[in-house]
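Here's a quick walk through one protein model and the ligand that sits with it. Have the viewer open as you read.

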Amino acid sequence: MSIGDENELVLGRVVRVDAKVVHVDVPDPIASFGEPETPIETILAAPRGSLFESLDGKKNPISVGDLVRVNPSTDPASVEEVLPRRNYLGRVASSHDPREQVLVANVDQLFMVGALKNPGFSSNRTDRILAACRWHEIPAIIVFNKADLDKKGALMEKYRETYAGVPDLEILVTSAVDGRGIDELTERLKGRVSVLYGPSGAGKSSLLNAIQPGLKIKEGKISSYWNQGKHTTTYSRLHRMELGGYVVDTPGIRVFRPHGLTRSHVRDLFPDFAEHQRNCEYANCTHDHEPGCAVADASEAGLIPDTRYASYLNLLDEVDPDAAYDPDEEPDLGLV
Ligand SMILES: Nc1nc2c(ncn2[C@@H]2O[C@H](COP(=O)(O)OP(=O)(O)OP(=O)(O)O)[C@@H](O)[C@H]2O)c(=O)[nH]1
Ligand SMILES: [Mg+2]
Ligand SMILES: [Zn+2]
């Protein structure tokens, strides 16, 4: 494979990753958002072997959302370079594979979509993804969907209260049925890379449909080289929207276990505990079993929502108790 001149490389955004090939939108539509429309082409490119040499404990060298430099003049086109990630959403690959799996890179925001009713709102799932977003420095927004089913707004009020103490957390109330909050959601999605996360049945597809009916993945023409054989999609995909920007689905991602967490980090992922944890008897209190724990007391007194404290203990439980404990340690975000 010849290495193209630096000037021939094009900058694009990875929208899909298959076993041997990645799909790249060129030029990057996010960079040119708001400018006169440039036609976007989706090209297929093979990652250079050297990209696999610097995995740095990660399972995959390229993820959807990555900005890459592609040499389109080789056959097949090749991904020459992956640009440094601004952030990414990752997790422990699986219970058998301790490596970090990067699910999507360069994320502007994550929407945690939960239904107020049918199936009902899952606090534990929500709290875990909020923790993961904090860990990965991804702004999070909670979407209370199916507001039409919450006739008196009592459920919405209850859950609003639960999250009122979490700083920098926006809440949207939507209904794909009566259209509430759809304009707001649309505005938030424009020109950004957004992850839509939430349990099955929460209404993610319905919300997207209300925004862009029949959301289709716009794919460019596929060069003949790749027409042989099947390509299996292994990770999430970026779906380009007409209004500009991408939404990412996270198929089959049910359990979110952030990679690299130690027990000391978990505390920082529940920032609504901060004002209480200041009063814990031990500065390095894990709020688990220690005497004089102000967080446990606050939970008992109803000052910290039960569900938040339960989610915290649940996440703490999973983190290796033998891991180094240093409350002053800066989280290692593992950015490459
Ligand atoms: N009443 C009401 N029903 C809704 C609303 N949004 C979605 N639904 C219904 O809820 C069911 C599930 O909606 P989906 O959009 O398929 O949910 P999803 O989150 O995409 O689920 P998965 O694709 O399985 O992850 C469907 O029957 C929708 O019609 C809403 O705002 N109000
Ligand atoms: Mg769906
Ligand atoms: Zn404590």
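Predicted model: local features only at pLDDT ≥ 70, side-chain atom pairs only at ≥ 80, totals over all residues.

Residues are numbered from 1 along each chain as its sequence is written, chains are lettered from A and ligands numbered from 1 in the order in which they are written, and side-chain values use heavy atoms, leaving out hydrogens and water.

**The chain.** You've got eight helices and 13 strands here (DSSP runs: H or I of at least four residues for helices, E of at least two for strands, numbered from the N terminus). Of the 336 residues, 51% are buried (under 20% relative accessible area, 1.4 Å probe, protein chains only). Take the contacts (heavy atoms within 4.5 Å) between residues at least 6 apart in sequence: 69% of them join residues at least 24 apart.

**The ligand.** Ligand 1 has 15 residues around it, and Asp 148, Ala 176, Ser 200, Lys 204 and Ser 206 come nearest (a residue counts as near with a heavy atom within 4 Å). By type, the shell splits into five nonpolar, seven polar and three charged residues (nonpolar is Ala, Val, Leu, Ile, Met, Phe, Trp, Tyr, Cys and Pro; charged is Asp, Glu, Lys and Arg; polar is the others, Gly among them). Helix α4 (residues 204–211) gives the most to this shell, with three residues.

Here are polar contacts to the ligand (pairs of N or O atoms within 3.5 Å):

| Side chain | Ligand 1 atom | Distance |
|---|---|---|
| Ser 200 | oxygen | 2.5 Å |
| Lys 204 | oxygen | 2.8 Å |
| Asn 145 | oxygen | 3.3 Å |

On its own, ligand 1 has 650 Å² of accessible area, and the protein covers 63% of it.

**Helix α4.** Which residues of α4 are buried? They are Leu 207, Leu 208 and Ile 211. They sit on the same side of α4, because they cover an arc of only 95° around the axis (taken from the directions from the helix axis to the C-beta atoms). Their cover includes β8 (109–115), β9 (140–145), α3 (182–189), β11 (192–197) and β13 (245–248).

**Ser 63.** This residue is in the loop between β3 (41–47) and β4 (67–71). Ser 63 is buried, at 2% relative accessible area. Leaving aside residues up to four places away in sequence, Ser 63 touches Val 14, Val 17, Arg 85, Val 102, Leu 103, Val 104 and Ala 105.

How values were computed: Buried < 20%, exposed > 50% of the residue type's maximum accessible area, 1.4 Å probe, protein only. Polar contact = N/O pair within 3.5 Å; in protein donor to acceptor, adjacent residues only side chain to side chain. Areas by Shrake-Rupley, 256 points an atom, 1.4 Å probe, with all protein chains shown as cover.
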